[in-house]
Amino acid sequence: MSELDAEMMAKALEVGRRGDPSPNPHVGSVVVAPNGEVVSTGYHASAGQDHAELVALRAAGEAAQGATLYVTLEPCSHQGRTPPCTDSIIQSGVRRVVIGCRDPNPHVVGGGGAVLERAGIEVVVGVMEAEAQALILPWVKYITRGSAYLALKLALSLDGRTATRTGASKWITCSDSRNKVHQLRAQLDAVMVGINTVIADDPQLTVRDVPGRNPVRVVIDSKLRFPLESQLAQTAADIPTCVITTPEADPEAAQALGDLNVSVIRVGAGTDGRVDMAKALEALAAREVVSVLCEGGAELAGSSLAAKLVDELHAFIAPVMLGPRGKPGAVDWAGPEQPTEAPRIDPARWELCGSDAYVYGPLKYPRKVVRK
């Protein structure tokens, strides 16, 4: 990997983080002249619009002749919502294509890289591959496993509490942390809470104080206790809102919610009679929801962690102590037997959000050690 290839792929990755392409992946592209100067850039703005390569090539025009095209994800060679990118790349006259990572889509027959090579274009694959794969992590789970990517958000005190002994929880974390949460909402397709959170807090689950679109709002409610007077139900006509419940839930309650434009999705229950979270994520993926931010409560977070469904963790830790009588744990689950078996953020990234510590990253689940 040359220094120029690394530099230009890093630029393509930066550009690729823009846009709102779900249910398609984030992709960035850069056209570079033979002298090393950047001619143009492009990213996939939204589903149905031109892919990143086409945007960059169109902006480059005749300057693409003899140039190098950098793209974070292998160009498509199949007809989807848009024509194959490989056709346009071949017609553009570029002499070289540098790819971050291969297309993991199991439904795609034939790789775009091979098509380009057969057309006489030099192809290099795997430049900044780990970073390119990280850019499309949610989409990879969605396209290969038919399940939505799940990010879990926690807000807690230094001693692990989520509320005082009286139940007061607004606000433990500072305004900077809350703004960061709203940014996360705007970046993901949906935001999810359990029914206990809806009943206790009556949240809006919208994006406020930061730019961005509202996510789909999802409530996990096994028995359909969803209050019709709640803010979520009363605003469902304006902001897509759904409730995921079990087949046994009251049909009259479902009809009342449907009358308020709340979509009712029924999935199988687990052995405990509650919504099977793995099936819930599959049901959301079937509706083109690629990524979900889970904001609580403790039971929902615990069941998702226990089932090893959480892909990414975001924890906001406030420099306050709420004491042993404060509301325990942001997560309600039995937990691991040994510290070595605990799920861990890896790699962990730490930032300051105002006065709070913010740690986030992909969640890894170590294999349980069986002692003989």
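Tutor: Gladly! Let us begin with a cut-off: a residue is called buried when its relative accessible area is under 20%. Keep in mind that this is a predicted model.

Student: Why is Asp5 called buried?

Tutor: Its relative accessible area is 5%, and the label needs a value under 20%, so Asp5 counts as buried. Asp5 belongs to helix α1, which covers residues 3-16. Beyond its neighbours within four places in sequence, Asp5 is in contact with Tyr70, Arg96, Val98 and Val127.

Student: What makes Thr72 buried?

Tutor: The same cut-off applies: buried means under 20%. Thr72 has a relative accessible area of 2%, therefore Thr72 is buried. Thr72 sits in strand β3, residues 68-73. Setting aside neighbours within four places in sequence, its contacts include Met9, Leu13, His26, Cys101 and Leu135.

Student: How do you know that two residues are in contact?

Tutor: They have heavy atoms within 4.5 Å.

Student: How much space lies in the second largest pocket, and which residues are closest to its centre?

Tutor: The second largest pocket holds about 1,200 Å³ of space. It is lined by 39 residues, and those closest to its centre are Ala134, Leu135, Pro138, Gln187 and Glu312.

Student: Which element gives the most to that lining?

Tutor: That is α7, with five residues. By class, the lining of the second largest pocket has 20 nonpolar, ten polar and nine charged residues.

Definitions and conventions:
Residues numbered from 1 in each chain as written. Predicted model: local features only at pLDDT ≥ 70, side-chain atom pairs only at ≥ 80, totals over all residues. Heavy atoms only, no water. 1 Å grid on protein atoms, 1.4 Å probe; cavity = no way out; pocket = protein on both sides within 12 Å on 5 of 7 lines; lining within 4 Å. Points joined across faces, edges and corners; volume = space filled by probe spheres on them. Helix = DSSP H or I, 4+ residues; strand = E, 2+ residues; numbered from the N terminus. Nonpolar A, V, L, I, M, F, W, Y, C, P; charged D, E, K, R; others polar. Buried < 20%, exposed > 50% of the residue type's maximum accessible area, 1.4 Å probe, protein only.
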